[in-house]
Amino acid sequence: MKTADEMFEELGYEKKYLNNIQWYIKKLFKNNYTQITFDVIDKTVAASNNKNEAINLDIKELQAINKKCQELGWIE
C-alpha cells in the first residue's frame, strides 16, 4: 500500500512542510502551479493555483488527499 507522499509524488507533486502546514506543489509551467494544503491544527484541506483560485481535482488526487487524511488520523 502506497503512502500519501508516494501517491502525490507519482502525480508530480513535491512535498513542503512549514510549522503546522503541509502542502504539495505541482509546477505546471513558468510560474504557474497548483497546491494542495493540509492545516494539521485546523484539520482543513485546500486546493488552489498560484492565483489563489480553487482548482478541479481528479480522482487520483482525491485518493491521495483521502490517504493523507487517514495518515493524519482525521478519518478512518
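**View 1. Aromatic cluster.** One aromatic cluster is formed by Phe8, Tyr13, Tyr24, Phe38 and Trp74. The model is predicted, so local features need pLDDT of at least 70 and side-chain atom pairs count only at pLDDT 80 or more, while totals for chains, interfaces and linings use all residues. Residues are numbered from 1 along each chain as its sequence is written, and side-chain values use heavy atoms, with hydrogens and water left out.

**View 2. Ring pairs of Phe8.** Five aromatic pairs are present in the structure; rings of Phe, Tyr and Trp (its six-membered ring) pair if their centres lie within 6.5 Å, with planes under 30 degrees apart counted as stacked, over 60 as edge-to-face and the rest as tilted. The ring centres of Phe8 and Tyr13 are 5.6 Å apart and the planes stand at 75°, so this pair is edge-to-face. For Phe8 and Phe38 the centres are 6.3 Å apart and the planes are at 75°, so this pair is also edge-to-face. Because Phe8 lies in helix α1 and Phe38 in strand β3, the pair ties together parts that are 30 residues apart in sequence. Phe8 and Phe38 are both buried (under 20% relative accessible area, 1.4 Å probe, protein chains only).

**View 3. Surroundings of Tyr13.** Tyr13, which is buried, touches Phe8, Tyr24, Ile25, Lys26, Thr34, Ile36 and Glu61, not counting residues up to four places away in sequence; contact means heavy atoms within 4.5 Å.

Terms used: Buried < 20%, exposed > 50% of the residue type's maximum accessible area, 1.4 Å probe, protein only. Helix = DSSP H or I, 4+ residues; strand = E, 2+ residues; numbered from the N terminus.
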